[in-house]
Amino acid sequence: MSAVGPRAMPAAPPRAWGTAILALLLLALVVASFASLPLKWSEFFTLQAVASIAEFLAGFAPPDMTPAFVSKTAWATAETLSMSALGTLLAVAAGLLLALPGAGRFGRPARALVRALLNVLRSIPELVWASILLIAAGLGPFAGTLALAAHTAGVLGRLFADALENAAPAPEQSLRTNGASAMAAFFYATLPQTLPQMLSYTLYRWENNIRAAAILGVVGAGGLGQMLKYHLSLFQMRQAATVILAMLLLVALVDAVSFAMRRALTR
């Protein structure tokens, strides 16, 4: 019985120099960013800076909990929640309509055109949309709601279109082969596959829109953000603290509701 000698190791795979070059370029960008920005870390940690920050934060305590101001804050909280919910619902409707041609169901030219439109919608931040729409709609929550809807429609439309493109085509093709119409095959085969994913995307964007709605008030779009800007500009720190607490509670509540709904959908 002949002894079997040790086998030679296979040749090493070729090195992906492109990945290493990209990592070096990113590292050089980070180093250049730190070198070009006038970051004065020593001044940030001086005793004078720490004392100023402590004095500023002390002005927030205690929050203004008078019944009149709490009622006003509660109304602004409801306004912010309504802006985020309605803006998300409008975005879902627009995203679904744009997702069908965006997924290539009406040909390549329509897909390219809709994808370009979705890129424009989501590349413009909510604050910029709000600043533009305030000219047409005026101050208040209406402009903020439309701004959230415009930006979120671009995000959800792209995500919905990708979900439709990645769905397994066999079930829909099987129904079409057996005589079902294109619409019936879509609603009975493709949509049930992608619906849980679409709902998860919608809930996630609703969470983001809660935070965005609170910020949009800075440009006059109503809600908690408008209250916060007003009281901070007048250095009314106790009132601003109450508004900030309302923001934190609202975000925590929506996060909890969204988490429970996602768990229910994935069971």
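Modeller: A residue is called buried when its relative accessible area is under 20%, and exposed when that area is over 50%. The model here is predicted.

Colleague: Which residues of α5 are buried?

Modeller: V114, R115, L118 and L121 are the buried residues of α5, so each has a relative accessible area under 20%.

Colleague: What puts them on the same side of α5?

Modeller: Around the axis they cover an arc of only 120 degrees, which puts them on the same side of the helix. An α-helix has 3.6 residues a turn, so residues three or four places apart point the same way.

Colleague: What does the face turned away from the buried side carry?

Modeller: That face of α5 carries the exposed residues R108, P109, L113 and S123. The buried residues, in turn, pack against α4 (67-102), α6 (126-137) and α7 (141-166).

Colleague: How do you know that the span of α5 agrees with that of a helix?

Modeller: Helix α5 has 16 residues, 108-123, and at 1.5 Å a residue they should span 22 Å. The end C-alpha atoms are 22 Å apart, so the two values agree.

Colleague: What makes a set of residues a nonpolar core?

Modeller: Its members are buried residues of nonpolar kinds such as Val, Leu and Met, joined through side-chain atoms within 4.5 Å. The largest such core has 18 residues, and L224, V243 and M247 have the most contacts inside it. α11 gives the most to this core, with 8 residues.

Colleague: Which residues does V243 touch, leaving out those up to four places away in sequence?

Modeller: V243 touches F69, T73, L224, M227 and L228. A second, separate core has 17 residues, including W129 and A143.

Definitions and conventions:
Residues numbered from 1 in each chain as written. Predicted model: local features only at pLDDT ≥ 70, side-chain atom pairs only at ≥ 80, totals over all residues. Heavy atoms only, no water. Helix = DSSP H or I, 4+ residues; strand = E, 2+ residues; numbered from the N terminus. Expected span 1.5 Å × (residues − 1). Buried < 20%, exposed > 50% of the residue type's maximum accessible area, 1.4 Å probe, protein only. Arc of directions from axis to C-beta. Contact = heavy atoms within 4.5 Å.
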